[in-house]
Amino acid sequence: MIVSRSGASEGWDVVLVGGGIMSATLGVLLSEVQPDWRITVVERLDEAGLESSSAWNNAGTGHAGLCEFNYTPRRPDGTVDVSSAVRIGEQFVSSLGFWARLVERGVLGPPEAFIHSVPHLGFGRGADGVAYLRARWEALRGHPLFSDLEFSEDPDVLASWLPLMFEGRNGNEPVAVTRSAQGTDVDFGVLTRQLLSALQQRGGVVRTRQEVTSLRRHGRTWVVQVRDRRTGHRRRLRAPYVFVGAGGGTLPLLQSARVPEIRRYGAFPISGQFLRTDRPELVAAHRGKVYGHSAPGAPPISVPHLDLRVVDGQEALLFGPFAAFSPRFLTRGRLTDLVRSVRPGNLPVLMAAARDNRPLVTYLIRQVTQSADARTATLRRFVPSASADDWTLMTAGQRVQVLKKTGGRSTVGFGTEIVTSAGSLAALLGASPGASTAASTMLDVLAASFPQRMPEWAPQLDRLAPSTQTVRQFGPDRLGEEVTRARRVLGLLPG
């Protein structure tokens with residue numbers, strides 16, 4: 001371990017800013033291909049994986065395109081575009097393969113601590129919703145990643161799949177459900193800490209309570225100024241390569257570093273809220289993650305879902321999301337975060353975003369001002385018998401939506417976006433599907449950051465974490481074998 005006095009400099013090969021799932025994944029991948037590199041992770045909170053990766057700061061869905069409607073938009077002719085769902089499914093195979101290989105090697109701890117088998121279901125209501133769900137199922141079921149996807153309108157089948165949702169439901173409304181037994185619930189906070197523990201065993205250094213106060217480039221070196229939040233001591237970390245995976249704190253750091261690639265990027269924070277119940281009889285009656293349709297005119301981030309969660313061995317149900325507002329970019333950020341992010345270069349984007357995304361603005365206003373009764377009414381669209389006394393409102397993590405110009409229009413980014421600068425700095429912006437794509441996304445970061453080294457690294461990386469390109473080239477039989485092997489190693493299948 002490198003020791004420094006207050007104000008002294010430390011030399012590293014790689015500095016990873018932010019102790020979340022992305023930095024943890026990148027650190028392990030780098031330690032695999034360059035075991036001689038000195039790698040350090042700095043995290044501002046008391047422990048790694050407590051911000052966006054924390055189990056209660058996200059829905060815990062292992063996003064694989066199995067049930068999320070926002071990844072399968074309907075075309076004008078009524079057919080469904082499934083290309084995004086397939087891509088996300090391929091990305092999740094990469095993550096599953098990565099985790100399984102680490103478990104096989106004894107690098108990760110017990111998989112039951114961070115991943116569980118939880119079916120994923122899609123819920124269509126009304127004649128139009130049922131027609132869409134059927135079209136979605138028909139478009140997906142021929143792909144090997146979705147071969148187990150079932151569709152039913154039979155009331156008895158639906159009641160057996162989802163007893164909590166179909167108890168007392170009015171039988172006059174057309175409804176349908178798709179179901180995949182391959183779904184998962186993932187505790188990304190536990191997984192993050194297991195990955196960082198593996199990195200430390202390989203010689204990496206993880207420091208918590210370290211706040212990055214400045215990021216500057218000096219020649220071919222990046223200088224990361226950090227302050228120890230316990231002692232107040234300051235130090236300079238010098239490295240030829242820096243990755244910023246600080247969630248909502250990423251854009252402000254890139255702005256402070258004067259990274260030209262993000263001058264016109266804006267950001268807007270949205271808090272997520274969920275209704276939660278721990279009542280055993282309710283949890284026992286709902287064994288899945290069920291995604292439905294957004295309300296008419298609502299943005300993709302508003303897709304309602306009712307989720308079985310497994311956190312620290314305890315089961316609970318979450319329903320949401322309900323949007324709230326805080327100007328903070330992190331759950332424990334500053335009230336001035338939003339204001340401080342406004343610069344002359346991105347002010348036009350921010351103003352245009354309000355003009356071009358009126359449905360999102362309207363949705364946020366309605367969400368922020370809605371009553372507890374209104375939230376319960378929304379829940380009852382999924383659980384007709386729900387009693388408000390059984391559910392508690394909880395606030396989840398902050399999501400910073402990226403605002404940028406696309407085709408002359410200011411858009412709100414929905415996804416994960418990689419930013420690179422000078423070939424020596426990379427950063428991650430955006431949210432969903434986020435953590436589920438960590439392995440493939442970090443492989444993309446390596447390819448963008450170290451193109452000259454990838455020919456040497458690629459074979460080793462592909463054995464550890466198959467890229468989406470590799471997954472895409474698998475034939476149906478090989479793909480099925482890979483998924484089955486990974487699921488068995490991770491304890492998601494018997495045997």
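Q: In which sense does α2 pass α16, left-handed or right-handed?
A: This is a predicted model, where local features need pLDDT of at least 70, side-chain atom pairs count only at pLDDT 80 or more, and totals for chains, interfaces and linings use all residues. Residues are numbered from 1 along each chain as its sequence is written, and side-chain values use heavy atoms, without hydrogens and water. A crossing is left-handed if the near helix is turned anticlockwise from the far one by less than a right angle, and right-handed if clockwise. For α2 passing α16, the crossing is left-handed.

Q: Which class of angle do α2 and α16 make?
A: Helices (H or I, at least four residues) and strands (E, at least two) are DSSP runs, numbered from the N terminus. Axes are lines fitted to C-alpha atoms, for helices over the stretch in contact, and angles run from 0 to 180 degrees between N-to-C directions. The axes of α2 (residues 83–104) and α16 (residues 476–489) come within 9 Å and cross at roughly 50°. Under 35 degrees is roughly parallel, over 145 roughly antiparallel, 65 to 115 roughly perpendicular and the rest oblique, so α2 is oblique to α16.

Q: How many nonpolar residues does the contact of α2 with α16 have?
A: Contact means heavy atoms within 4.5 Å. Residues of α2 including V93, L96 and V103 meet residues of α16, among them L479, V483 and V489. Ala, Val, Leu, Ile, Met, Phe, Trp, Tyr, Cys and Pro count as nonpolar, Asp, Glu, Lys and Arg as charged, and the others, Gly among them, as polar. By class the contact has 1 polar, 5 charged and 8 nonpolar residues.

Q: Which strands stand at the edges of the open sheet of 6 strands?
A: Two strands pair if DSSP finds at least two bridges between them. The order is β9-β3-β2-β13-β21-β20, with mixed pairing. Each edge strand has a single partner, so one side is left without a neighbour in the sheet; these are β9 (205–207) and β20 (416–421).

Q: Which residue in β13 stands opposite L16?
A: Strands β2 (residues 14–17) and β13 (residues 241–244) run parallel, joined by 4 bridges. Opposite L16 stands F243.

Q: What is the bridge partner of V223 in β12?
A: Another open sheet has 4 strands in the order β1-β12-β11-β10. Within this sheet, β11 (residues 221–228) and β12 (residues 234–239) pair in the antiparallel sense over 6 bridges. The partner of V223 is R238.
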